[in-house]
Structures are given as structure tokens and as C-alpha cells.
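Have the viewer open and follow along.

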Amino acid sequence: MKLHEELPVDHRLSQVYRAGAGLCGAALLVFGCLGLSDGLPFFSTDGEKIAGLSSNGLLSLVSVVTAAVLLGGALVGGNLASTVNITVGALFVLSGFVNLALLDSQANILAFRIQNVLFSFVMGLVIATFGMYGRVSGKLPLDNPYWRHRHPGPSDRQDAPALPLGSRAAGLPGRPA
């Protein structure tokens with residue numbers, strides 16, 4: 001499955017992927033820049049409060065890099081933004097579990113506290129949800145390019161005309177007439 005062939009460049013789902021990546025990237029960029037501007041110690045395991053979360057220089061830098069990845073995905077849009085959102089969201093959730101195990105230990109190099117863990121879980125789920133919107137569901141509309149890719153039929157052949165947006169063609173598998 002080639003991702004770049006599934007979603008037309010001007011499809012309305014791209015706006016959702018771009019908005020999700022842009023909003024979450026902007027929030028992480030602000031958090032990271034606040035931490036870097038305060039001159040926090042880079043490898044402190046205690047951390048200092050920034051916007052209600054514990055942070056150190058390394059976590060601030062990681063936040064800025066992650067924000068750059070999300071904002072880059074938002075600039076490109078389309079399937080790349082969706083895939084970036086899903087990947088970054090999954091990494092946030094994974095980071096939440098790893099850092100939960102490292103709380104109150106010397107291995108806690110990102111200075112996480114329980115608030116950071118909860119933020120990581122919530123932000124990861126929000127980012128991943130933006131990325132999966134319109135891609136993962138049991139009831140995708142017939143004009144959805146992901147549904148059409150998974151259910152090739154007469155409308156997906158080269159010689160057949162494409163379904164107009166919003167149409168509900170009868171006779172396609174899994175859809176009532």
C-alpha cells in the first residue's frame with residue numbers, strides 16, 4: 001500500500017491532519033521554548049516547573065524537535081501529516097509508559113513527574129486521533145480514499161468514472177442500496 005496514492009492532494013481530510021499536527025506542534029514548541037529560555041539545567045533529574053509540568057533542558061529540546069516534526073508534517077499535509085501524527089502520538093504514549101516506570105529514579109533524565117506522564121498519555125492520544133481521523137473506522141463513507149483503497153470495485157478501475165464526493169452508490173460491498 002503506497003500512502004501517497006490513497007489521498008488526493010486537495011482532499012478535506014488533509015485539513016484535519018494539518019490542523020492536528022499544527023496545533024499540537026505549536027503547543028509543544030511553546031513549552032520547549034519556555035524551558036530553553038529559562039536556562040534549565042540540561043540533565044537535571046529534579047526538573048523545574050514550566051507551564052505546570054516538570055522540565056529540564058533535555059526535555060525542552062526534545063519538545064522543540066518534536067514540535068518541528070509535527071509542524072513539518074502540517075506544512076506538507078496529506079498522508080504524511082497523518083502518518084506523522086499517528087507515529088508521534090504512539091511515541092508519546094510509549095514515552096508515558098517508559099517514564100512512568102522511571103519516576104523517582106536516577107534514570108529519569110527527562111525530569112518527568114506524574115503530571116508529565118499524564119500529559120504524555122493525553123497528548124499522544126490527541127495527536128494519534130488527529131492522524132487516524134478518516135483513516136481508521138468501520139463506517140467510512142464511500143468517497144473516502146482509504147475505504148476505496150480497501151474495497152476495490154468497479155468505481156476504482158481506470159476505465160470507470162470516479163464517485164463524486166458525498167455520493168452513496170448502490171451495490172458496493174458492505175453498503176446498503
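Let's start with the second largest pocket, which has 16 lining residues, and those nearest its centre are Leu-59, Val-62, Phe-92, Ser-95 and Phe-112. A pocket here is an open set of points on a 1 Å grid over the protein atoms alone, where a 1.4 Å probe fits and protein lies on both sides within 12 Å along at least five of seven lines; lining residues have an atom within 4 Å of a point. Bear in mind that this is a predicted model, where local features need pLDDT of at least 70 and side-chain atom pairs count only at pLDDT 80 or more, while totals for chains, interfaces and linings use all residues. Residues are numbered from 1 along each chain as its sequence is written, and side-chain values use heavy atoms, with hydrogens and water left out.

**More on the pocket**

- The second largest pocket holds about 280 Å³ of space, where the volume is the space filled by probe spheres set on the points, and grid points are joined across faces, edges and corners.
- Four helices each give at least two residues to the lining: H2 (13-37), H3 (57-76), H4 (78-102) and H5 (114-132).
- Helices (H or I, at least four residues) and strands (E, at least two) are DSSP runs, numbered from the N terminus.

**The chain as a whole**

- The protein chain has six helices and two strands, and from the N terminus on they run α-α-β-β-α-α-α-α.
- Of its 177 residues, 41% are buried; buried means under 20% relative accessible area, exposed over 50%, and partly exposed in between (1.4 Å probe, protein chains only).
- Among contacts with a separation of 6 or more, 65% join residues 24 or more positions apart, a contact being heavy atoms within 4.5 Å.

**Helix H5 and Ser-120**

- H5 has 19 residues and spans 27 Å from first C-alpha to last, close to the 27 Å expected at 1.5 Å a residue; the expected span is 1.5 Å times one less than the number of residues.
- Buried residues in H5 include Asn-116, Val-117, Met-123 and Gly-124.
- Ser-120 and Phe-92 are 28 residues apart along the chain, yet their C-alpha atoms are separated by 5.4 Å.
- Beyond its neighbours within four places in sequence, Ser-120 is in contact with Phe-92, Val-93, Ser-95, Gly-96 and Phe-112.

- Asn-85 lies in H4 and counts as buried because its relative accessibility is 0%.
- Leaving out neighbours within four places in sequence, the contacts of Asn-85 include Tyr-17, Leu-70, Ile-127 and Phe-130.
- Asn-99 is also in H4, and at 5% relative accessibility Asn-99 is buried.
- With neighbours within four places in sequence set aside, Asn-99 touches Asn-108, Leu-110, Phe-112 and Val-117.

**Loops worth a click**

- Ala-51 is not a glycine, but its phi is positive at about 55 degrees. Ala-51 belongs to the loop between strand E1 (48-50) and strand E2 (53-55), and it is exposed, with 65% relative accessible area.
- Asp-104 likewise has a positive phi, near 55 degrees, without being glycine. Asp-104 is in the loop between H4 and H5 and is exposed at 73% relative accessibility.
- Phe-42, in the loop between H2 and E1, is partly exposed at 36% relative accessibility.
- Phe-42 and Leu-58 are 16 residues apart in sequence and 5.1 Å apart C-alpha to C-alpha. Not counting residues up to four places away in sequence, Phe-42 touches Asn-56, Gly-57, Leu-58 and Leu-61.
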